[in-house]
Amino acid sequence: MVIFGPQVQEIGDMAFEGSQYLRGVAFDVGLKRIGSYAFARCKNIEALALMVEEIGVGSFSECERVSLIDIGPKITSIPDNAFYRTGSKAIGELKLLNGFSGNLKRIGKSAFEETPLREVIIPETMESVSERAFYECRQLEKITISART
């Protein structure tokens, strides 16, 4: 388990990429940005609570055992490949705790490609969903797109 204190504001690109024995990560409220591929291929992380402002490209791609993702309200964009193949070896489905926040505006290319999501609720704030965002999500059964009022 890695615990980041309040003084840590950013985790750099590829900082923990491929850390095979990393099982958990706790982010403090001071953290603002997680760099590109910072935790990619960390095969044993099981849950993510992302209360940051920004996550980088591929930041959690191929984290095979993740079964729960909480995308906090400060995130307005999910970049390309952010969760590509994440949860592929999780027991059961991959769940988005509380869905996407009402502040989310963009989902990048292949952001959730080949993940075991079952349900997705697109908030009314969404401006774009890029190509392949949910490509090959074979367990995806329901997509709800909230209407603007």
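**Notebook: cysteines, sheet, core**

I looked up Cys 42 first: its sulfur lies 5.3 Å from the closest cysteine sulfur, in Cys 63, too far for a bond. A disulfide needs the two cysteine sulfur atoms within 2.5 Å. I find 0 disulfides in the structure. Cys 42 counts as buried, at 0% relative accessibility. Cys 63 is buried too, with a relative accessible area of 0%. Buried is under 20% relative accessible area, exposed over 50%, partly exposed in between (1.4 Å probe, protein chains only).

I note that this is a predicted model: local features need pLDDT of at least 70, side-chain atom pairs count only at pLDDT 80 or more, and totals for chains, interfaces and linings use all residues. Residues are numbered from 1 along each chain as its sequence is written, and side-chain values use heavy atoms, with hydrogens and water left out.

Next, the sheet. I see an open sheet of 3 strands in the order S5-S7-S9, with parallel pairing. Strands are DSSP runs of E, at least two residues, numbered from the N terminus; two of them pair if DSSP finds at least two bridges between them. S5 and strand S9 (95–97) are the edge strands. S5 and S7 pair over 4 bridges. I traced one of these: Ala 47 has Leu 68 in S7 as its bridge partner.

Last, the core. The largest nonpolar core has 39 residues; Ile 34, Phe 39, Phe 83, Phe 100 and Phe 112 touch the most other members. Such a core is a set of buried Ala, Val, Leu, Ile, Met, Phe, Trp, Tyr and Cys residues joined through side-chain atoms within 4.5 Å. Beyond four places in sequence, Phe 100 has contacts (heavy atoms within 4.5 Å) including Ile 71, Phe 112 and Phe 134.
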